[in-house]
Amino acid sequence: MQNTRLLTGACAAALIVSGLAASTITTAQASERNTYYSSKQPYTAPGSTAYSAAPAGYQPIYSESVARHGSRGLSSYKYDALLLKMAETASAENGFVSEAAKDSFLSNVNAIIAANVDNGYGMLTGQGADQHYGIGERAYERNKSLFDKAASEGDKIAYQTSGEARATESGENFVKGFNTASKGILATDTVSPLNAAGSGAAAIFDKTPDTLYFHKSANPDGTQKSGKAAEVADAYQDFVDNSTTIANAEDYIEGLPRSQSAATDLLSGIFTADFISSIGTDSDHRWYNTTDGKKHDKSETQYLNCAANADPQQDEDACGDMGKSIKTSVDAAMDLYNLYIIAADMTNENNSAHSFDFDSYFEGHEADAEWFAYILDSEDFYEKGPSYSGQNETYSIAQSLLDDFFTSIDKRASGGGTVATFRFAHAETIMPFAALLKLPGSTTQAPAVEQPQSEDQVFNYANNPWRGESVTPMAANVQWDVYSKSGTDPKTSQAYTPIVRMLYNEQEIQFNASCKPVASGSTWYKESELKRCLSGIATSEDPTIVQTSGSGNSGTTNGSSSSAQAGDRTKSTASATDAASSDGGKASSQAGNTSAGTDSLAETGTSTLLPFSLALLLSLTGAGVLILISKRHQEEGGHPGSH
């Protein structure tokens, strides 16, 4: 099945004439290149990012973001451990198609184990460090005038983390990039954390799991949530664990004949037909993540399975969950797929000390990779994304994060000294947040069918734009820039309401269609309007700005100003060349088109890409002027990761 976005009419014309990269409208270059990495898609900095001018008289006052951690290794000893157990049986039973196939498979599995032991299971890889270094650089450059002014006025930056090591480490590399680009002007001007994430570079990070790790009552540092945060987490887990609609949809998808045929097709290049058919038939051909591969109670810790040469005292994730298993050929194929997609995030660690090649198993098997991506996506979609129509439990858990975004703006607008808040978290944070905001690709729910009987009754690639590779690639991020205007608004007789623009994976986009911008085609919104359309907070304020003439801050990387109408698409472009070298070479663009016969996440939730494209077309046909200014960034390839 093809994962391609087709443009028609004005949208296509606008994009062709403007010369914007195709990555802004396809789900991801991963699909074009037939890699299908799902949520393990490595992040790529946008090759050309255009930022719109604020309405005249508005100046930057604040910036904030939330980001997934960067590329990482395997989260624990699991897929690699189980495939190694299965391979031991295959070796004993002559279950490999050849000696060469056996030697290659064992070498690859053992090498990726060794690489994860050296790097630390679940820890950031070199790619992940580079990704956030680059995002930090560009965060400063985009709002240079804001941060330069903050440094002169003694304002501070707040850094927050879920408390998980890879999230904090991502933040540390973001700080390195930000401080390098800014020449350290705010390096010591940071908000003192209430609950520091650690010492050294981690000391400036405040652990805020209530807003960044809201899906579990147990926090990454072993503490427990309390009060409302605990109630929200427990209610979410209870809903997902007990929803028959979710469970049956996931079972239906994995149980489709295509799952079995894809598994057989993939495994047949490594194992014999007899061995593949024997998987799951008896206890000798079912493998558990234990020292002997057999099923044991978790209390029997003598069977705890740990990676070779790992130190469990230093890396507890190097010992696997004893309950994980391979019981079917689909399980085995999915485990191999999971090694394939994580290998894409470990290019720095794939070296002479431990060299592995999982790409070769999927050469000529791109359709199988796409199917396994679909299976993986379906689980994330149902449990952490838009899920099925009529419910909001899978994404309303992100409300605390959205509330924090607004609260932070209000504090700054009221005279607070925090000029920016940068948050570092997880895919489990980004996916529900994207659905709550109805970001591109996260607008459409699946049918609410408790006992599905056909593929059109469940999430599928034909009727839903949600893709893990574009919704939540590694280092996925949502950034808000906030501008304000001095003086009194004659329409309200009060201070001017701050206005906000949003970037999704560093691409400026409109908020969902239920939110009304300050002018037609604009990407700027009054905060009061965003509170209304995103959080249901009533307002009587007119969301539009009537602009006559004047000078507005364009948001350029050098802080210059230009005259602009509120709805103009006047642009300044920051071009990053680090994409190919350090960010994995895959795009993390967004696709927001919806299909007939599916359910919108909200009655007004639609793609934000269409208004953006139409605005470009209007700019090119006389309604505005499109100015593209390119600025080259230095490549990030040499930036060290902290491992």
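This is a predicted model: local features need pLDDT of at least 70, side-chain atom pairs count only at pLDDT 80 or more; totals for chains, interfaces and linings use all residues.
1. Helix α13 takes in residues 329-343. With 15 residues at 1.5 Å a residue, α13 should span 21 Å, and its end C-alpha atoms lie 21 Å apart, so expectation and model agree. The helix is mostly covered, with 15 of its 15 residues buried.

2. Helix α15, residues 366-384, passes the same kind of check. Its 19 residues should span 27 Å at 1.5 Å a residue, and the end C-alpha atoms are 26 Å apart, which agrees. α15 is also mostly covered: 16 of its 19 residues count as buried.

3. Helix α5 has 17 residues, 126-142. From first C-alpha to last, α5 reaches 24 Å, close to the 24 Å expected at 1.5 Å a residue. As for burial, α5 is mostly covered, and 17 of its 17 residues are buried.

4. The second largest pocket has a volume of about 770 Å³. Its lining is made up of 39 residues. Those that lie nearest the centre of this pocket are Gln160, Asp206, Thr208, Thr211 and Asp404.

5. Which elements give two or more residues to the lining of the second largest pocket? They are the strands β3 (156-161), β4 (205-207) and β7 (418-425), together with the helices α8 (209-212), α9 (227-242) and α16 (399-413). The most comes from α16, which gives eight residues to the lining. Sorted by class, the lining of this pocket has 17 polar, 13 nonpolar and nine charged residues.

6. A search of the whole structure finds 40 aromatic pairs. In the pair formed by Phe405 and Trp480, the ring centres are 4.9 Å apart. The planes of Phe405 and Trp480 stand at 75 degrees, and an angle over 60 counts as edge-to-face, so the pair is placed in that class. Phe405 belongs to helix α16 and Trp480 to strand β9 (residues 477-484), so that the pair links distant parts of the chain, 75 residues apart. Both Phe405 and Trp480 are buried.

7. Ring pairs also join a cluster. Its members are Phe96, Phe105, Phe271, Phe275, Trp287, Phe356, Phe358 and Tyr361.

8. Two arginines have a charged end over a tyrosine ring. The charged end of Arg142 sits over the ring of Tyr51, at 5.9 Å from the ring centre. For Arg467 over the ring of Tyr461, the distance from charged end to ring centre is 3.8 Å.

9. Ser484 lies in strand β9. Its relative accessible area is 17%, and buried means under 20%, so Ser484 is buried. Ser484 and Gly57 are 427 residues apart along the chain, yet their C-alpha atoms are separated by 8.2 Å.

10. Ser38 has a positive phi, about 55 degrees, although this residue is not a glycine. Ser38 is found in the loop between α2 (29-32) and β1 (49-52). Is Ser38 buried or exposed? Its relative accessibility is 2%, and Ser38 therefore counts as buried.

11. Glu506 is another residue other than glycine with a positive phi, here near 70 degrees. Glu506 is placed in the loop between β12 (499-504) and β13 (507-509). With a relative accessible area of 1%, Glu506 is buried.

12. Ala196 lies in the loop between α7 (165-182) and β4. Its relative accessibility is 36%, so Ala196 counts as partly exposed.

13. Asp274 is found in helix α12 (residues 273-278). Its relative accessible area of 65% is over the 50% that marks exposed residues, so Asp274 is exposed. Asp274 and Asn94 are 180 residues apart in sequence, and their C-alpha atoms are 9.9 Å apart in space.

Terms used: Residues are numbered from 1 along each chain as its sequence is written. Side-chain values use heavy atoms; hydrogens and water are left out. Helices (H or I, at least four residues) and strands (E, at least two) are DSSP runs, numbered from the N terminus. The expected span of a helix is 1.5 Å times one less than its number of residues. Buried means under 20% relative accessible area, exposed over 50%, partly exposed in between (1.4 Å probe, protein chains only). On a 1 Å grid over the protein atoms alone, a cavity is a set of points where a 1.4 Å probe fits but cannot get out, and a pocket is an open set with protein on both sides within 12 Å along at least five of seven lines; lining residues have an atom within 4 Å of a point. Grid points are joined across faces, edges and corners, and a volume is the space filled by probe spheres set on the points. Ala, Val, Leu, Ile, Met, Phe, Trp, Tyr, Cys and Pro count as nonpolar, Asp, Glu, Lys and Arg as charged, and the others, Gly among them, as polar. Rings of Phe, Tyr and Trp (its six-membered ring) pair if their centres lie within 6.5 Å; planes under 30 degrees apart count as stacked, over 60 as edge-to-face and the rest as tilted. A charge sits over a ring if NZ of Lys or CZ of Arg is within 6 Å of the ring centre and within 35 degrees of the ring normal.
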